[in-house]
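Student: I have a protein model to look at. Can we go through the terms used for it, one by one?

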Amino acid sequence: MPPRDNGHEEPVIRDNRKIDPETGQVKDQPPAEQPQEAPGDVLEPQDGELAAQLAERTADLQRLQAEYTNYRRRVERDRVAVREQAVAGALTELLPVLDDIGRAREHGELTGGFAKVAESLESVLTKLGLSAFGQKGDPFDPTVHEALMHSYSTDVTEPTAVEVLQPGYRMGDRVLRPARVAVAEPEDAPAASDDDEEN
């Protein structure tokens, strides 16, 4: 703006009307000025650079999504494991109560209201995944049986649980308590081993 005599700049007035007020005709519009960029200010990236940047951002997003999915799976797995551990701990504490109920049943003392309470308790524990195992005549398995007594017998062909002293309990695949059993082995096993040593 040109300075005035008093040192202040004069305002500039631009007539942006599209119609001339004197003639009523449409004015010729000058072409809109495009802002000119100084050379070297902004360089348009090439198509290859754009494709590389897009591929890099896509890979970053896929990596983030995979990490988040793995995190969710890990959290869910940990949550299930903590729940199972808590339930297993509670069930383990109730095993002596089940032993008492079993002894009362064997002696015919499980009658009346006590029988109904025992049945309700056993039903609830079964819903939580508790199951008993260990029957007379089962083949001896050291991973689920605890041998408290040992003998030899002609009635068995392999190490066998001939008496269940205390039933075992498991929750799913987890053994909470092994079955405590008396084990009998075939009587001819020691003789056969002696013959092998002599030969």
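Tutor: Start with the surface. This is a predicted model. The accessible surface of the protein chain is about 16,000 Å². Carbon and sulfur atoms hold 51% of that area.

Student: What makes up the fold, read along the sequence?

Tutor: The pattern is α-α-β-β-β-β-β-β-α. That gives 3 helices and 6 strands.

Student: How do you know that the length of helix α1 agrees with its 60 residues?

Tutor: Helix α1 covers residues 47-106. At 1.5 Å a residue, α1 should span 88 Å. Its end C-alpha atoms are 85 Å apart, so the two values agree.

Student: Where in α1 is the kink?

Tutor: At Leu 94, shortly before the proline Pro 96. The kink is about 35°.

Student: Why is Leu 94 called partly exposed?

Tutor: Its relative accessibility is 30%. Buried needs under 20%, and exposed needs over 50%. The value lies in between, so Leu 94 counts as partly exposed.

Student: How far is Leu 94 from Leu 125?

Tutor: Their C-alpha atoms are separated by 9.2 Å. Along the chain, the two are 31 residues apart.

Student: Which residues of α1 are buried?

Tutor: Among them are Val 87, Leu 91, Leu 95 and Leu 98. Asp 99 is also on the list. The buried residues of α1 pack against α2, β1, β3, β4 and β5. For the protein chain, buried residues make up 17% of the 199 residues.

Student: What follows α1?

Tutor: Gly 108, with a positive phi near 75°.

Student: Why do we say that the charged end of Arg 170 sits over the ring of Phe 133?

Tutor: The charged end is 4.2 Å from the ring centre. The distance cut-off is 6 Å, so 4.2 Å is within it. The charge must also lie within 35 degrees of the ring normal.

Student: How many aromatic pairs does a search of the whole structure find?

Tutor: The search finds 0. A pair needs ring centres within 6.5 Å.

Key. Residues numbered from 1 in each chain as written. Predicted model: local features only at pLDDT ≥ 70, side-chain atom pairs only at ≥ 80, totals over all residues. Heavy atoms only, no water. Helix = DSSP H or I, 4+ residues; strand = E, 2+ residues; numbered from the N terminus. Buried < 20%, exposed > 50% of the residue type's maximum accessible area, 1.4 Å probe, protein only. Areas by Shrake-Rupley, 256 points an atom, 1.4 Å probe, with all protein chains shown as cover. Phe/Tyr/Trp six-rings, centres within 6.5 Å; stacked < 30°, edge-to-face > 60°. Expected span 1.5 Å × (residues − 1). Bend = angle between axes of the 7 residues up to and from the residue. Contact = heavy atoms within 4.5 Å.
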